[in-house]
Each structure stands twice: as structure tokens, then as C-alpha cells.
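Me: Could you take a close look at the sheet in this one and walk me through how its strands pair up?

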Amino acid sequence: DQDTISEKTLEALKRLQEKGVKLCLATGRGPMLVPHLKELVDAFLTYNGSYCYDHSGTLYSNCIPLKDIEGSLKM
């Protein structure tokens, strides 16, 4: 099942976190499609790294410039 994380994986991630390892979820998806594992994940890299955030807010954001979007729409 692609929509859930196995108990075995969750336990392994919790053990890593207990040892001080910071966990970061990286995906090409947007933040609205990221599973919310707030108690487990320390940071999130979304849109293939162009929008990164943690529990305190945005860490990095690199949006496509509006002029580039407008140029693409004219093609």
C-alpha cells in the first residue's frame, strides 16, 4: 500500500530519531500532498527541493520567475 508506512519502517525511523538523527522527507510532490508526520519528520523538501520547510517555517524557496512562466505560455 503506497499510502501508508509500515510499522517496521516507523519503528526504524523512531530509533534513528532517538539517536539524534534528523529526519527529512524529500519528494517531488507539493507540500499539500506530503504525509503529515510532524512528530517524526524534522524537515520537508518538496517540489524536488525548490520549496523546503520545517516546523518553524520556510527554509528555502526558489519559485519559477513570472517572466519565465509567461514566456512558456506564449509558446
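Reply: A strand here is a DSSP run of E with at least two residues, numbered from the N terminus, and two strands pair if DSSP finds at least two bridges between them. Before going on, note that this is a predicted model, where local features need pLDDT of at least 70, side-chain atom pairs count only at pLDDT 80 or more, and totals for chains, interfaces and linings use all residues. Residues are numbered from 1 along each chain as its sequence is written, and side-chain values use heavy atoms, leaving out hydrogens and water.

Back to the strands: S3 and S4 run antiparallel, joined by four bridges. On to S2 (residues 43-46), then. S2 also pairs with S3 (residues 51-54) in the antiparallel sense, over four bridges, and here alanine 43 sits opposite aspartate 54. The S2 and S3 hairpin has four residues between the strands, and tyrosine 47 takes a positive phi near 50 degrees in it.

S1 (residues 24-26) is joined to S2 by three bridges, and these two run parallel. There, alanine 26 stands opposite leucine 45.

Put together, you get an open sheet of four strands, in the order S1-S2-S3-S4, with mixed pairing. S1 and S4 (57-61) are at the edges with a single partner strand each, so one side of each has no neighbour in the sheet. Neighbouring strands of this sheet are turned by 15 degrees against each other on average, direction ignored (axes are lines fitted to C-alpha atoms, and angles run from 0 to 180 degrees between N-to-C directions).
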